[in-house]
Amino acid sequence: MCSTDLAAKETAITRFLQDYPQAVEAGRGHPALCGCEDVRWSEFPECPAAIPVLLHGLLDQAAAPEAKRVLTNSILNSVREMNLAVPAVLPFLFRLAGDPRVPVQSGLLGLLVSIAGFSEPIDGSNEAMVRWFGSDSDHPEREQCRAVFTEHASVVAMLAEELPRPDDRAKLRQAAGLV
């Protein structure tokens, strides 16, 4: 399994800041990011404290693609597991993905589809799935994400309409309990 540990995530953020120092200020005052600096990101295991820097970087024209890549690698621990911080970052992603001025809006929509997929419950009777992805009881972030999708169902429904692929639209709607 390919997994990114906290040190690697922090190193990637440091490199990002070296390459895009202006990104820190890019989203200051943007309503989509209100409260992102109040979250204690480092209290989530394997989550870097600098998540707000990456969220702000999503609003910088030059830095946005790299901010999205580093953010994705920071909140998805591996190809089969998301970080416990994902439920906390979702509301910010919803608001940013709904803003057409965000340079990587379509990329954020794709990330939301991925998170919706990661949030799907695992059939406990399917031993292979449990072995590969772990049981839902071992991954409370799945249910927490589904709750956040449901809480923001009206926004999720609007975001789903922005997606070109019907199966991606369905996946977002399903995560929000709209189907």
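Four aromatic pairs occur in this structure, where rings of Phe, Tyr and Trp (its six-membered ring) pair if their centres lie within 6.5 Å. One of them joins Phe-16 and Tyr-20, with 5.4 Å centre to centre and 35° between the planes, which is a tilted pair; planes under 30 degrees apart count as stacked, over 60 as edge-to-face and the rest as tilted. Phe-16 is buried at a relative accessible area of 1%, and Tyr-20 is partly exposed at 22%. Here buried means under 20% relative accessible area, exposed over 50% and partly exposed in between, with a 1.4 Å probe and protein chains only. Another tilted pair is made by Trp-41 and Phe-44, at 6.3 Å centre to centre and 45° between the planes. Trp-41 is buried, with 2% relative accessibility, while Phe-44 is partly exposed, with 22%. Trp-41 and Phe-44 also belong, with Phe-92, to one aromatic cluster.

The model is predicted, and local features need pLDDT of at least 70, side-chain atom pairs count only at pLDDT 80 or more, and totals for chains, interfaces and linings use all residues. Residues are numbered from 1 along each chain as its sequence is written, and side-chain values use heavy atoms, with hydrogens and water left out.

Helices (H or I, at least four residues) are DSSP runs, numbered from the N terminus. Two packed helices are described by the angle between their axes and the distance between the axes. The axes are lines fitted to C-alpha atoms, for helices over the stretch in contact, and angles run from 0 to 180 degrees between N-to-C directions. For helix 1 (residues 6-19) and helix 4 (residues 64-75), the axes come within 10 Å and cross at roughly 165°. Helix 1 is therefore roughly antiparallel to helix 4; angles under 35 degrees count as roughly parallel, over 145 as roughly antiparallel, 65 to 115 as roughly perpendicular and the rest as oblique. The crossing of helix 1 and helix 4 is left-handed, a term for a near helix turned anticlockwise from the far one by less than a right angle, with clockwise being right-handed. On helix 1 the contact involves Lys-9, Ala-12, Ile-13 and Phe-16, and on helix 4 it involves Glu-66, Ala-67, Val-70, Asn-73 and Ser-74. Contact means heavy atoms within 4.5 Å. By type, these residues are five nonpolar, two polar and two charged. Ala, Val, Leu, Ile, Met, Phe, Trp, Tyr, Cys and Pro count as nonpolar, Asp, Glu, Lys and Arg as charged, and the others, Gly among them, as polar.

With helix 5 (residues 86-97), its axis comes within 10 Å and the crossing is at roughly 145°. Helix 5 passes helix 6 in a left-handed manner. Val-86, Leu-90, Leu-93, Phe-94, Leu-96 and Ala-97 of helix 5 meet Gln-105, Leu-108, Leu-109, Leu-111, Leu-112 and Ile-115 of helix 6. That contact has 11 nonpolar residues, one polar and no charged.

With helix 8 (residues 140-151), the axis of helix 6 comes within 8 Å and crosses at roughly 130°. The two helices are therefore oblique to each other, and the crossing is left-handed. Leu-112, Ile-115, Ala-116, Phe-118 and Ser-119 of helix 6 contact Arg-142, Cys-145, Arg-146 and Phe-149 of helix 8. The residues of this contact divide into six nonpolar, one polar and two charged.

Gly-110 also lies in helix 6 and is partly exposed at 32% relative accessibility. Its C-alpha atom is 9.5 Å from that of Ala-97, 13 residues away along the chain. Between Gly-110 and Asp-168, 58 residues apart along the chain, the C-alpha separation is 8.3 Å. Asp-168 sits in helix 10 (residues 166-175) and is buried at 17% relative accessibility. Leaving aside neighbours within four places in sequence, Asp-168 is in contact with Val-113 and Leu-163.

Two loop residues remain. Ser-125 lies in the loop between helix 6 (105-119) and helix 7 (127-133) and is exposed at 61% relative accessibility. Ser-125 and Pro-164 are 39 residues apart in sequence and 34 Å apart in space, C-alpha to C-alpha. Glu-46 is in the loop between helix 2 (23-26) and helix 3 (51-57) and is partly exposed at 35%. Most residues other than glycine have a negative phi. Glu-46, although not a glycine, has a positive phi of about 60°.
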